[in-house]
Amino acid sequence: MIGLFRTPRPELRAIPGVTGPAQTDLPVLLPAAQLIGRKARQDRTNGFRLELKAWHGLFLFLLFLFFTGVAAAQVDNTLDKGVLATLWRWIPLIVGQGFVLNLIISFTAMALGTAAGVMLGLGQISLLPQVRGSSWFTTQLFRNSPWLVLLFCVMLLLPFEITIGDVIIRIPDWTKATIGFSLPIMANISELVRGAVQSIPSGQWEAAESLAFTRRQTLWQIILPQCVKRMIPPWMNWYAILTMATPICSIMGVQESVNLTQQALVSEDSRPELLAPFYLFLLVIFFCYCYPIARWTVSLERKFVVKL
Amino acid sequence: MESFYDWFRTLYNDTGFNFVYFYEEYERERFIRGFWLTIYLSVTCVVFSVIIGVVGAWLQGSNLKITRRIVQGYIQFFRNTPPLVQLFFFYFGLGAFTPSVDAGGYYEPIIGSFGWAVISLSFFAGAFNVEIFRSGIEAVPESTREAAEALGYNRLQAYIHVILPLAFRVCLPALNNNLVNLVKTTTLAYAIAVPELMYTANQIWSDNVNVPEMMMTLWIVYILLVGVLVWAMHRWERKMRIPGYGQ
């Protein structure tokens, strides 16, 4: 269909000075250029890769120590007013309650998003045009909206309690945030599933057909098992991205690590010298959690590299 | 136009759907101001992040080891930390150290929340852009560079006239991914009270108690905004494609 509306070689007009078709097949650019284009298209489904290295964490930690030192030099370092002492008092709250909530939100949102995303992704490769179209539309809708907007929609539009008969079920903030996060994850996983199914060589489908597999059998027994292997590294990358994104629900007052840090700072009379050490401490925690995931993703990617 | 606005007033009176920004002039102006600020913020960040990307990629090709190290450190820092924490770190952390000027009775910091949002988001997207441009530059063959040198271009001239135009075409798809991502990320500026679309919508629904209507509007506006951007970028990508490369 699209070919019908295209002029024969539109790209020729796009480059100033090029008036006719190519006279030679010699490449103007290294094959690296092709790789970059392919990688960009891959990034659209896999998300930006987190490339964490051990020295990043070390650097953040040193920066944290540096700002702690600067802060300590600014104030009288009496016993319970010292920067490290203050931080030490708040660590149980920030990590034990706040960061744990970040993790709970990320686990749950990932589980919900994956379950819904796989269904939506399978819908996108359905043979029924209505199912395919609506799944595609839903996917694009949630992929193209900013996470914060989706989060706001869910947080403010869902009721804070539901009444079933006489039972009143209260929905806590973080549950709504979890649902809010699972929506963009759902859309991206859906795109991932569609991409993975399409990346399986068509020979697999044809071979299955010649062995008299039905479409459902082909999908479940031949195509999807191969997809799972390819999807694991980008899926883990999405998990890391999600974990990095969980602090945005602090804007809506969910009491996770960033929100609790802000509260801690306020209850310490908002002493300006505490700001940098506290926020750097947060960065260090997030790094410590995401680093192993990122490394693992890279190693799995190497292991599962597609051999055709 | 007036009758169009009045239709929404009737809609509110009849059904209770309160699209207040249509028929109340005050709210309309507020909403439009917010919308333009979002566009302004996005465009400013896109421009600065591309500049940062181009300059950073040039610095990365420098002969001095220390320059390369600094650029690398910058990229790694901004790539691997959550943008919201970066924003807070800039606004609250560094904002506390910036001097204030007397603005008639009260002291106003030199860099306001909008300024910090632009700085933080540009540096965030710029870090990705440096890598993107660098990969594009590396894709330009050594012989092209040598040919430019043979024609008497110096390093900067060759960069601007020969390498960058080629590299730009090569890395356009990757650049587009990043810029679309950046426009989505501008919503985070809400957190430091930059009066952009999201913040204004919040003000409007706080004043008029019409959360569902404003939420829907906000969502649709953002989807249209990002949708138009994605569409335009794809078109541009197809137009700028180098013949024989990519499919």
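## Fold and packing

Along its sequence, chain A runs in the order α-α-α-α-α-α-β-β-α-α-α-α-α. The model is a predicted one. In total, chain A holds 11 helices and 2 strands. Of the 308 residues in chain A, 36% are buried. When contacts in chain A between residues at least 6 apart in sequence are considered, 77% of them link residues at least 24 apart.

**Nonpolar core.** The largest nonpolar core has 126 residues, and the members that touch the most others are Leu151(A) and Tyr279(A). Helix α11(A) is the main contributor to this core, giving 13 residues. Apart from neighbours within four places in sequence, the contacts of Leu151(A) are Ala177(A), Gly180(A), Phe181(A), Ile248(A), Cys249(A) and Met252(A).

**Helix pairs.** Packed helices are described by the angle between their axes and the distance between those axes.

| Pair | Axis angle | Axis distance |
|---|---|---|
| α9(A) and α11(A) | roughly 165° | within 9 Å |
| α4(A) and α7(A) | about 40° | 6 Å |

An angle over 145 degrees counts as roughly antiparallel, and α9(A) and α11(A) are therefore roughly antiparallel to each other. The crossing in which α9(A) passes α11(A) is left-handed. On the α9(A) side, the residues that meet α11(A) are Ile232(A), Pro233(A), Met236(A), Asn237(A), Tyr239(A), Ala240(A), Thr243(A) and Met244(A). Their counterparts in α11(A) are Phe286(A), Tyr289(A), Cys290(A), Ile293(A), Ala294(A), Trp296(A), Thr297(A), Leu300(A) and Glu301(A). By class, the contact of α9(A) with α11(A) is made up of 13 nonpolar, 3 polar and 1 charged residues.

The second pair joins α4 (residues 83-124) and α7 (residues 173-199) of chain A, with an angle of about 40° between them. That angle makes α4(A) oblique to α7(A). Helix α4(A) passes α7(A) in a right-handed crossing. The residues of this contact between α4(A) and α7(A) comprise 17 nonpolar, 9 polar and 1 charged.

**Contact between the chains.** Chain A puts 44 residues into the contact, and chain B puts in 48 residues. On the side of chain A that touches chain B, at least two residues each come from α1 (10-14), α2 (32-46), α6 (147-157), α9 (215-245) and α11 (272-303) of chain A. The largest share of that side, 10 residues, is supplied by α2(A). Sorted by class, the side of chain A that touches chain B includes 33 nonpolar, 5 polar and 6 charged residues.

**Backbone geometry in chain B.** Most residues other than glycine have a negative phi. Which phi does Ala193(B) have? Although Ala193(B) is not a glycine, its phi is positive, at about 60°. Ala193(B) sits in the loop between α8 (155-185) and α9 (197-208) of chain B. With 13 other C-beta atoms within 10 Å, Ala193(B) is partly exposed.

Val209(B), likewise not a glycine, has a positive phi of about 50°. The place of Val209(B) is the loop between α9 and α10 (211-240) of chain B. Is Val209(B) buried or exposed? Val209(B) is exposed, because 10 other C-beta atoms lie within 10 Å and a residue counts as exposed at 12 or fewer.

Note on methods:
Residues numbered from 1 in each chain as written. Chains lettered and ligands numbered in written order. Predicted model: local features only at pLDDT ≥ 70, side-chain atom pairs only at ≥ 80, totals over all residues. Contact = placed C-beta atoms within 7 Å. Helix = DSSP H or I, 4+ residues; strand = E, 2+ residues; numbered from the N terminus. Nonpolar A, V, L, I, M, F, W, Y, C, P; charged D, E, K, R; others polar. Core = buried A, V, L, I, M, F, W, Y, C linked by C-beta atoms within 7 Å. Buried ≥ 20, exposed ≤ 12 C-beta atoms within 10 Å, placed from the backbone. Axes fitted to C-alpha atoms, helices over the stretch in contact; angles between N-to-C directions. Parallel < 35°, antiparallel > 145°, perpendicular 65-115°, else oblique. Left-handed = near helix turned anticlockwise from the far one by under 90°.
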